[in-house]
Amino acid sequence: MFPIYLKRFFGIGLVLLLSTFFVSAQGSFKLKYENSAVYAGIEVGSKGVKMSVLEIGKGAQKSGAFNILKDTSINSDFISFNPSTFQATLNGITDLYNTAIKEYSIPADKIFTVVSSGVKGQAEKDSKEQWINNLIDSFKLRVNEPKREVDVIDVMQEARLSHIGIVPESRRYTTFLIDIGSGNTKGGFFPNGDTKFLKLFQLSWGTKSTTNATEKRCDDDKTIDNYNKQLTRVLTGAENAEITYMVNESGAYPMSDYIAFSGGIAWSVATLIYPELIGNSVVPVNYEDVVKFSERLYKNYPSVSDAAILKSITDKTLDKVVIGKEIKRVNQVFDQRALMAGTGLLLKIMRQFEGVYEKKQFFLVKNGQVGWISAYVDQHIVR
């Protein structure tokens, strides 16, 4: 049996060791809030694996107090459900998990691992659910954590968590959040003042699916003029067959003051229309702004290049290097046709809320990709 002073010595040493470990995780990043902690959320998505390192402040669900410290992704195309993409996804989630632990010193119990609703939906559609189970089991084996929880999120959970993670409590019950993704659009609002019930909104159209449908109609004429003509037809068809009905069915118009859009196209449009607001995660916008931008994409696409936009900025207090990098990133993710398709889809949805007697306030959320992960982490923290 240890003497009492040795017990105290080892006890103090253990506390110091754990304190140093935790501080090293905090010290790796520039933190924004007081009384906050650093967590990692790793998501297996349709096209790849993403890791968001988050600083979550006290009362994050009430104030939206989360700060993105690091956002990393590895392309793996898991939903192709073949051996090579399975292996790439397994390697991706394992590598990001090890990075969180070894490079960022985040303890295992502060790393959350999930599979997105897009993967779940596609697996169910293709009868490939076993691929998800195999991935989870293989990952647990790789990291030697047999009891690790890897949740598989459905579309309702993801939409609900996105709303909680993105929209601050002060506007939670007056905001309709719409996430325009690659293959579809989802979102919703809380009609009864209760975050346990989300009125789900879904469309089968997204930026990529709209682009693909338009390109199929172009046949042998690949000119931008024909693409624009066919895009108009695709979007008109989507509006008549689905968009108008789904917005009306949602009941969001009379219940919402604010319409917030997230997703890749929301980030792109906000960045290219308002480059001077580079530091803002949420950017207010009006319908006319987006109409003019849509016309610009078609008629004067070179004007949205980083060189052209930077040339137009006269405010010397702005960091043009940072702005230029973000504009380049947008143009690497979306080419002209994808930007036209995504912006066109955004406009068709916005149009449903352009009432004659009541104007809604529109917002573009640039960091929406980590919204639901932040809410998931926050709700699973043991306080």
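Thr-89 is located in helix H3, which spans residues 83-102. The model is predicted, and in it Thr-89 has a relative accessibility of 0% and therefore counts as buried. Leaving aside residues up to four places away in sequence, Thr-89 touches Val-44, Val-49, Ser-76, Phe-78 and Leu-135.

**Overall fold**
- The protein chain contains 15 helices and eleven strands.
- The chain has 383 residues, and 48% of them count as buried.
- Taking contacts between residues at least 6 apart in sequence, 71% join residues at least 24 apart.
- The accessible surface amounts to about 19,200 Å², and carbon and sulfur atoms account for 53% of that surface.

**Salt bridges**
- Eight salt bridges are found in a search of the whole structure.
- Lys-348 and Glu-239 form one through their side chains, with an N to O distance of 3.1 Å. This pair links distant parts of the chain, since Lys-348 belongs to helix H14 (residues 336-351) and Glu-239 to helix H8, 109 residues apart. Both Lys-348 and Glu-239 are buried.
- Glu-145 pairs with Arg-148 in a salt bridge, where the closest N and O atoms are 3.1 Å apart. Both Glu-145 and Arg-148 are buried.
- Another salt bridge joins Glu-326 and Arg-329, again with 3.1 Å between the closest N and O atoms. The two residues are three apart in helix H13 (residues 320-333), so about one helical turn separates Glu-326 from Arg-329.
- Within this pair, Glu-326 is buried because its relative accessible area is 18%, under the 20% cut-off. Arg-329, at 43% relative accessibility, counts as partly exposed.

Methods: Residues numbered from 1 in each chain as written. Predicted model: local features only at pLDDT ≥ 70, side-chain atom pairs only at ≥ 80, totals over all residues. Heavy atoms only, no water. Helix = DSSP H or I, 4+ residues; strand = E, 2+ residues; numbered from the N terminus. Buried < 20%, exposed > 50% of the residue type's maximum accessible area, 1.4 Å probe, protein only. Contact = heavy atoms within 4.5 Å. Areas by Shrake-Rupley, 256 points an atom, 1.4 Å probe, with all protein chains shown as cover. Salt bridge = Lys/Arg side-chain N within 4 Å of Asp/Glu carboxyl O.
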